[in-house]
Amino acid sequence: MQFTASTVSLTVDDVAASQAFFTSHLGYTVQQAADGFASLARPDAVDVVLLARGIQVLPPEQRDRHADGLILAFTLESGLAEQEKRLRDAGIEITMPLREEPWGERLFQVTDPNGVLIQFVEWTAQGRA
(Lines give C-alpha, C1' and ligand atoms only; values in the text may rest on other atoms or scores of the structure.)
Protein backbone atom coordinates (compact mmCIF):
# COMPACT_ATOMS: atom_id res chain seq x y z
CA MET A 1 0.00 0.00 0.00
CA GLN A 2 1.37 3.41 -0.92
CA PHE A 3 -0.36 6.60 0.22
CA THR A 4 -0.39 9.68 -1.97
CA ALA A 5 -1.71 12.08 0.67
CA SER A 6 -3.03 12.30 4.22
CA THR A 7 -6.16 14.21 5.11
CA VAL A 8 -8.10 14.73 8.30
CA SER A 9 -11.80 15.61 7.94
CA LEU A 10 -13.30 17.72 10.70
CA THR A 11 -17.03 18.22 11.12
CA VAL A 12 -17.63 21.72 12.50
CA ASP A 13 -20.52 24.14 13.01
CA ASP A 14 -18.94 27.07 11.13
CA VAL A 15 -16.74 26.05 8.20
CA ALA A 16 -15.88 29.66 7.32
CA ALA A 17 -14.58 30.39 10.83
CA SER A 18 -12.26 27.37 10.90
CA GLN A 19 -11.19 28.05 7.31
CA ALA A 20 -10.23 31.62 8.23
CA PHE A 21 -8.33 30.40 11.32
CA PHE A 22 -6.34 27.78 9.40
CA THR A 23 -5.49 30.12 6.52
CA SER A 24 -4.75 33.22 8.61
CA HIS A 25 -2.82 31.65 11.47
CA LEU A 26 -1.55 28.25 10.33
CA GLY A 27 -0.48 28.96 6.76
CA TYR A 28 -2.99 26.71 5.02
CA THR A 29 -4.34 27.56 1.57
CA VAL A 30 -7.79 26.80 0.22
CA GLN A 31 -7.72 24.09 -2.44
CA GLN A 32 -11.49 23.87 -2.92
CA ALA A 33 -14.49 25.35 -1.18
CA ALA A 34 -18.25 25.25 -1.48
CA ASP A 35 -21.20 25.78 0.82
CA GLY A 36 -20.49 23.66 3.92
CA PHE A 37 -17.12 22.41 2.68
CA ALA A 38 -13.50 23.54 2.47
CA SER A 39 -10.37 21.61 1.53
CA LEU A 40 -7.17 23.13 2.94
CA ALA A 41 -3.55 22.23 2.35
CA ARG A 42 0.03 23.14 3.03
CA PRO A 43 3.01 21.26 1.62
CA ASP A 44 4.52 20.21 4.96
CA ALA A 45 1.45 19.03 6.87
CA VAL A 46 -1.64 16.87 6.68
CA ASP A 47 -4.45 18.28 4.52
CA VAL A 48 -7.57 19.40 6.36
CA VAL A 49 -11.14 19.06 5.08
CA LEU A 50 -13.81 21.01 6.92
CA LEU A 51 -17.39 19.77 6.68
CA ALA A 52 -20.45 21.50 8.09
CA ARG A 53 -22.37 19.53 10.68
CA GLY A 54 -25.45 18.06 9.09
CA ILE A 55 -24.00 18.10 5.56
CA GLN A 56 -25.78 15.58 3.36
CA VAL A 57 -22.61 14.07 1.85
CA LEU A 58 -21.99 12.23 5.13
CA PRO A 59 -23.91 9.09 6.09
CA PRO A 60 -26.83 9.93 8.40
CA GLU A 61 -25.10 8.51 11.48
CA GLN A 62 -22.12 10.83 10.98
CA ARG A 63 -23.84 14.11 10.06
CA ASP A 64 -24.29 15.53 13.53
CA ARG A 65 -20.92 14.56 14.99
CA HIS A 66 -18.49 17.28 15.97
CA ALA A 67 -14.68 17.24 15.92
CA ASP A 68 -14.55 16.73 19.68
CA GLY A 69 -11.87 14.90 21.61
CA LEU A 70 -9.51 15.11 18.66
CA ILE A 71 -6.19 16.92 18.89
CA LEU A 72 -4.65 17.99 15.61
CA ALA A 73 -0.92 18.01 16.41
CA PHE A 74 1.86 19.61 14.38
CA THR A 75 5.53 18.92 15.13
CA LEU A 76 7.93 21.81 14.60
CA GLU A 77 11.66 21.44 14.05
CA SER A 78 12.37 24.52 16.17
CA GLY A 79 10.92 27.87 17.22
CA LEU A 80 8.05 26.62 19.35
CA ALA A 81 8.21 29.54 21.82
CA GLU A 82 8.28 32.03 18.94
CA GLN A 83 5.16 30.45 17.42
CA GLU A 84 3.33 30.61 20.73
CA LYS A 85 4.23 34.32 20.98
CA ARG A 86 3.18 34.96 17.36
CA LEU A 87 -0.23 33.39 17.92
CA ARG A 88 -0.69 35.13 21.28
CA ASP A 89 0.25 38.48 19.69
CA ALA A 90 -2.33 37.80 16.95
CA GLY A 91 -5.00 37.57 19.66
CA ILE A 92 -5.30 33.79 19.67
CA GLU A 93 -6.03 32.38 23.10
CA ILE A 94 -3.40 29.88 24.19
CA THR A 95 -5.58 27.22 25.77
CA MET A 96 -2.62 25.21 27.10
CA PRO A 97 0.50 27.30 27.75
CA LEU A 98 3.93 26.16 26.63
CA ARG A 99 5.28 23.41 28.83
CA GLU A 100 7.81 20.60 28.76
CA GLU A 101 7.01 17.02 29.63
CA PRO A 102 9.53 14.75 31.41
CA TRP A 103 9.90 12.62 28.25
CA GLY A 104 11.24 15.60 26.24
CA GLU A 105 8.12 16.88 24.54
CA ARG A 106 7.62 20.67 24.55
CA LEU A 107 4.11 21.71 23.56
CA PHE A 108 1.31 24.23 23.66
CA GLN A 109 -2.28 24.26 22.42
CA VAL A 110 -4.75 26.66 20.86
CA THR A 111 -8.40 26.10 20.04
CA ASP A 112 -9.96 27.20 16.77
CA PRO A 113 -13.35 28.99 16.66
CA ASN A 114 -15.18 25.63 16.41
CA GLY A 115 -13.41 24.07 19.38
CA VAL A 116 -10.85 22.07 17.38
CA LEU A 117 -7.79 21.54 19.58
CA ILE A 118 -4.53 22.29 17.79
CA GLN A 119 -1.29 21.29 19.46
CA PHE A 120 2.21 22.38 18.51
CA VAL A 121 5.08 20.09 19.53
CA GLU A 122 8.83 20.36 19.57
CA TRP A 123 11.05 17.52 20.80
CA THR A 124 14.13 18.15 22.90
CA ALA A 125 17.31 16.11 22.41
CA GLN A 126 16.17 13.95 25.35
CA GLY A 127 12.89 13.18 23.57
CA ARG A 128 14.57 12.19 20.30
CA ALA A 129 16.93 9.62 21.81
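This is a predicted model: local features need pLDDT of at least 70, side-chain atom pairs count only at pLDDT 80 or more; totals for chains, interfaces and linings use all residues.
1. Let us start with the open sheet. This sheet has four strands in the order S5-S8-S7-S6, and its pairing is mixed. Strand S5 (71–75) and strand S6 (94–100) stand at the edges with a single partner strand each, so one side of each has no neighbour in the sheet. On average, and ignoring direction, neighbouring strands here are turned by 15° against each other.

2. Next, look at one pairing inside that sheet. S5 and S8 run in the parallel sense and are paired over five bridges. If you want a landmark, find Phe-74: its bridge partner in S8 is Phe-120.

3. Helix H2, made of residues 80–89, lies across S6, S7 and S8. Its direction is at about 15° to that of S7.

4. Now move to strand S3 (residues 37–41). Why is S3 described as largely enclosed by the rest of the structure? Four of its five residues are buried, and that is the reason.

5. S3 has a partner in strand S2 (residues 29–34), and the two pair in the antiparallel sense over five bridges. In this pairing, Gln-32 stands opposite Ser-39 of S3. S2 and S3 form a hairpin with two residues between them. Have a look at Gly-36 in that turn, which has a positive phi of about 80°.

6. S3 is also joined to strand S4 (residues 47–52) by four bridges, and these strands run antiparallel. The link from S3 to S4 is a hairpin through five residues.

7. Let us turn to charged side chains. How many salt bridges does a search of the whole structure find? The count is seven. One of them joins Glu-101 to Arg-99, with the closest N and O atoms 2.7 Å apart. Is Glu-101 buried or exposed? Glu-101 counts as buried because its relative accessible area is 15%, and the cut-off for buried is under 20%. Arg-99, at 41% relative accessibility, is partly exposed.

8. In one, Glu-100 is the partner, and the closest N and O atoms are 4.0 Å apart. Glu-100 is partly exposed, at 45% relative accessibility. In the other, Arg-106 bonds with Glu-122, where the closest N and O atoms are 2.7 Å apart. This second pair links distant parts of the chain: Glu-122 sits in strand S8 and Arg-106 in strand S7 (residues 105–111), 16 residues apart. Glu-122 is buried, at 9% relative accessibility. Through shared partners, the salt bridges join Glu-100, Arg-106 and Glu-122 into one network.

9. Finally, visit Thr-124. Which residues does Thr-124 contact, leaving aside its neighbours within four places in sequence? They are Glu-100, Gly-104 and Arg-106.

Key:
Residues are numbered from 1 along each chain as its sequence is written. Side-chain values use heavy atoms; hydrogens and water are left out. Contact means heavy atoms within 4.5 Å. Buried means under 20% relative accessible area, exposed over 50%, partly exposed in between (1.4 Å probe, protein chains only). Two strands pair if DSSP finds at least two bridges between them. Axes are lines fitted to C-alpha atoms, for helices over the stretch in contact, and angles run from 0 to 180 degrees between N-to-C directions.
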